[in-house]
Amino acid sequence: DEDRAARSDEPVEVANGHGIVIHDRTSAHVAAWHSPKRPSKDVGRHFDLDECRVWMRLHFWAMRECGLANVSPAFADYYVRFIG
């Protein structure tokens, strides 16, 4: 689809100097699990359900607070479908 075609095919650096090309939700999660910003003891650990809920709530709250749904309903619709 158009969204995937527009994404960069440049790998992002993750823990231990490895690179991952992010092309969908699964590869984005893998990159996040192996983020060099995570404490070394947590690198590679999958997110817990509670962590995911907090992340989603923060993003939807921020979207409401900044009025994104009013400014760009099309993007807000895409974002809700992407996260949800």
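Where in the chain does D42 sit? D42 lies in the loop between α2 and α3 (49-65). The model is predicted.

**Residue D42**
- D42 counts as buried, because its relative accessibility is 16% and the cut-off for buried is under 20%.
- The D42 side chain makes a polar contact with the side chain of K41, at 3.5 Å.

**Helix α2**
- Helix α2 spans residues 25-33.
- Its buried residues are S27, A31 and W33.
- Viewed down the axis of α2, these buried residues fall within an arc of 165°, so they line one face of the helix.
- What do the buried residues of α2 pack against? They pack against two strands, β1 (12-13) and β2 (19-20).
- At the start of α2, D24 reaches toward the backbone. A side-chain oxygen of D24 comes to within 3.3 Å of the backbone nitrogen of T26.

**Helix α5**
- Helix α5 covers residues 73-83.
- A76, Y79 and I83 are buried in α5.
- These residues cover an arc of only 65° around the axis, which puts them on the same side of α5.
- Here is the general rule for such a pattern. An α-helix has 3.6 residues a turn, so residues three or four places apart point the same way.
- Which residues of α5 are exposed on the other side? They are P73, A74 and R81.
- The buried residues of α5 pack against three helices: α2, α3 and α4 (68-71).

**The largest pocket**
- The largest pocket holds about 400 Å³ of space.
- Rolling a probe the size of a water molecule over the atoms shows where empty space is left.
- How many residues line the largest pocket? The lining has 13 residues.
- Nearest the centre of the largest pocket lie H29, F47, C52, W55 and M56.
- Helices α2, α3 and α5 each supply at least two residues of the lining.
- Helix α3 gives the most to this lining, with 6 residues.
- By type, the lining residues divide into 10 nonpolar, 1 polar and 2 charged.

**The loop residue N16**
- N16 is in the loop between β1 and β2.
- Is N16 buried or exposed? N16 counts as exposed, because its relative accessibility is 72% and the cut-off for exposed is over 50%.
- The phi angle of N16 is near 65°. That is a positive value in a residue other than glycine.

**The strand residue V12**
- V12 belongs to strand β1.
- V12 is partly exposed, with a relative accessible area of 33%.
- Leaving out residues up to four places away in sequence, V12 touches H18, G19, I20, I22 and A31.
- One of these, A31, is among the buried residues of α2.
- V12 and F82 are 70 residues apart in sequence. In space they are 20 Å apart, C-alpha to C-alpha.

**The helix residue A62**
- A62 is in helix α3.
- A62 counts as partly exposed, at 42% relative accessibility.
- A62 and E10 are 52 residues apart in sequence and 28 Å apart in space, C-alpha to C-alpha.

Definitions and conventions. Residues are numbered from 1 along each chain as its sequence is written. This is a predicted model: local features need pLDDT of at least 70, side-chain atom pairs count only at pLDDT 80 or more; totals for chains, interfaces and linings use all residues. Side-chain values use heavy atoms; hydrogens and water are left out. Buried means under 20% relative accessible area, exposed over 50%, partly exposed in between (1.4 Å probe, protein chains only). Helices (H or I, at least four residues) and strands (E, at least two) are DSSP runs, numbered from the N terminus. The arc is that of the directions from the helix axis to the C-beta atoms. Contact means heavy atoms within 4.5 Å. A polar contact is a pair of N or O atoms within 3.5 Å; within protein, one must be able to donate a hydrogen and the other to accept it, and residues adjacent in sequence count only if both atoms are side-chain atoms. On a 1 Å grid over the protein atoms alone, a cavity is a set of points where a 1.4 Å probe fits but cannot get out, and a pocket is an open set with protein on both sides within 12 Å along at least five of seven lines; lining residues have an atom within 4 Å of a point. Grid points are joined across faces, edges and corners, and a volume is the space filled by probe spheres set on the points. Ala, Val, Leu, Ile, Met, Phe, Trp, Tyr, Cys and Pro count as nonpolar, Asp, Glu, Lys and Arg as charged, and the others, Gly among them, as polar.
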